[in-house]
Amino acid sequence: PTVAIQLRDNVDEDGDYVSLIVNGEVYASNEMIYNHGQVIMVDLLPGENKIEIEGLRDGGGGITLEVNVAGVGNVNKTPIPEGSTASFIINRQ
């Protein structure tokens, strides 16, 4: 029921900040993202799980974020505008 989610700045480390919310629970709040990535372990529920990445601060050129989910792969490679949220659904059997 636990999965690793890696948040990684896939362009320049320029001070992008995000929050990670899973099924309404905050797992990381106001975290700077780095090129080497940060792995966060999250608990998944059976069925659909909503993953939200909230873009809080843009260091320049958009919040350049790659989101890798263990067992699923990359679910985001596009910049997230500051103040916006990218969301994904992960199904757990």
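Good morning. I begin with a pair of charged side chains: Lys 50 and Glu 52 form a salt bridge, with their closest N and O atoms 4.0 Å apart. By salt bridge I mean a side-chain nitrogen of Lys or Arg within 4 Å of a carboxyl oxygen of Asp or Glu. Lys 50 counts as partly exposed because its relative accessibility is 39%, and Glu 52 is also partly exposed, with a relative accessible area of 21%. On this scale, buried means under 20% relative accessible area, exposed means over 50%, and partly exposed lies in between, using a 1.4 Å probe and protein chains only.

Before I continue, a word on the model. This is a predicted model, in which local features need pLDDT of at least 70 and side-chain atom pairs count only at pLDDT 80 or more, while totals for chains, interfaces and linings use all residues. Residues are numbered from 1 along each chain as its sequence is written, and side-chain values use heavy atoms, with hydrogens and water left out.

The confidence score, pLDDT, is the predictor's confidence in each residue, from 0 to 100. Its mean over the chain is 92, and 100% of the residues reach 70 or more. Strands here are DSSP runs of E of at least two residues, and helices are runs of H or I of at least four, numbered from the N terminus.

How many salt bridges does a search of the whole structure find? The search finds 2. Besides the pair with which I opened, the side chains of Glu 66 and Arg 8 meet at 3.4 Å, N to O. This pair links distant parts of the chain, Glu 66 in strand β6 and Arg 8 in strand β1, 58 residues apart. Glu 66 counts as buried because its relative accessibility is 11%, whereas Arg 8, at 22%, counts as partly exposed.

I turn now to the interior. In soluble globular proteins, nonpolar side chains tend to be buried together. A nonpolar core is a set of buried Ala, Val, Leu, Ile, Met, Phe, Trp, Tyr and Cys residues joined through side-chain atoms within 4.5 Å. The largest such core has 21 residues, and Ile 5, Leu 7, Leu 20, Val 42, Ile 51, Ile 53 and Leu 65 touch the most other members. The elements giving two or more residues to this core are β1 (2-8), β2 (17-22), β4 (38-43), β5 (47-57), β6 (66-69) and β8 (85-92).

Val 42 is found in strand β4 and is buried, with a relative accessible area of 0%. Leaving aside neighbours within four places in sequence, Val 42 is in contact, meaning heavy atoms within 4.5 Å, with residues including Pro 1, Ile 5, Leu 20 and Tyr 27. Leu 20, with residues up to four places away likewise not counted, touches Leu 7, Val 26, Ile 51 and Ile 53, among others.

Finally, the backbone. Most residues other than glycine have a negative phi, and most peptide bonds are trans. Asn 23, which is not a glycine, has a positive phi of about 50°. Asn 23 is found in the loop between β2 and β3 and is partly exposed, with a relative accessible area of 34%. Asn 30, also not a glycine, has a positive phi of about 55°. Asn 30 lies in strand β3, and at 41% relative accessibility counts as partly exposed. Thank you.
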